Amino acid sequence: MTVAASARVEEWVPVLPYNPSGLFPTGRPPRPSYREPNPVGGVGVTVGAVCTLAWLVLFGLLGGSLVGYVWWTLFAGALAWLVAVGLVRHGDRGVAAGIAIVTAGGWSIAAAAVATRWLSSGDWPLW
């Protein structure tokens, strides 16, 4: 082995990744921390869910038949989603998540009712 080859071997030092524990100061600038301006919380999701459930029930009661129930539920859900979009952009995203979850559930119930009537009668019930 030559002297140059042995010098290269001695100069090689493994580079460990930078992963400070935070216990000891490292002298490096701290990493930036990004905070959510409107964090999603369980209370907001619950409030949005309960209000949307009441909203969909009140609109669903306006329909006197399955056809009326489905159309009123679709209309009320569309309005609720518009409110949720506004809340995502300018308000509380937890409430918007509750609105979206319950609206999807309400639309699923309406779709299941239409499918059940369609399968039992063989005629599409919405027209």
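1. Ground rules. In this predicted model, local features need pLDDT of at least 70 and side-chain atom pairs count only at pLDDT 80 or more, while totals for chains, interfaces and linings use all residues. Residues are numbered from 1 along each chain as its sequence is written, and side-chain values use heavy atoms, leaving out hydrogens and water.

2. Overall make-up. The protein has four helices and zero strands (DSSP runs, H or I of at least four residues for helices and E of at least two for strands, numbered from the N terminus). Of its 127 residues, 22% count as buried (under 20% relative accessible area, with a 1.4 Å probe and protein chains only).

3. Helix 2 against helix 4. Helix 2 (residues 42-60) packs on helix 4 (residues 93-121) at an angle of about 40°, and their axes lie 7 Å apart (axes are lines fitted to C-alpha atoms over the stretch in contact, and angles run from 0 to 180 degrees between N-to-C directions). That makes helix 2 oblique to helix 4 (under 35 degrees is roughly parallel, over 145 roughly antiparallel, 65 to 115 roughly perpendicular, and the rest oblique).

4. Who touches whom. Contact (heavy atoms within 4.5 Å) involves, among others, Gly44, Val45 and Gly48 of helix 2 and Gly94, Val95 and Ala97 of helix 4.

5. Helix 4 itself. Its buried residues include Gly94, Val95, Ile99 and Val114. The buried residues of helix 4 pack against helix 2 and helix 3 (66-90).

How values were computed
Buried means under 20% relative accessible area, exposed over 50%, partly exposed in between (1.4 Å probe, protein chains only).
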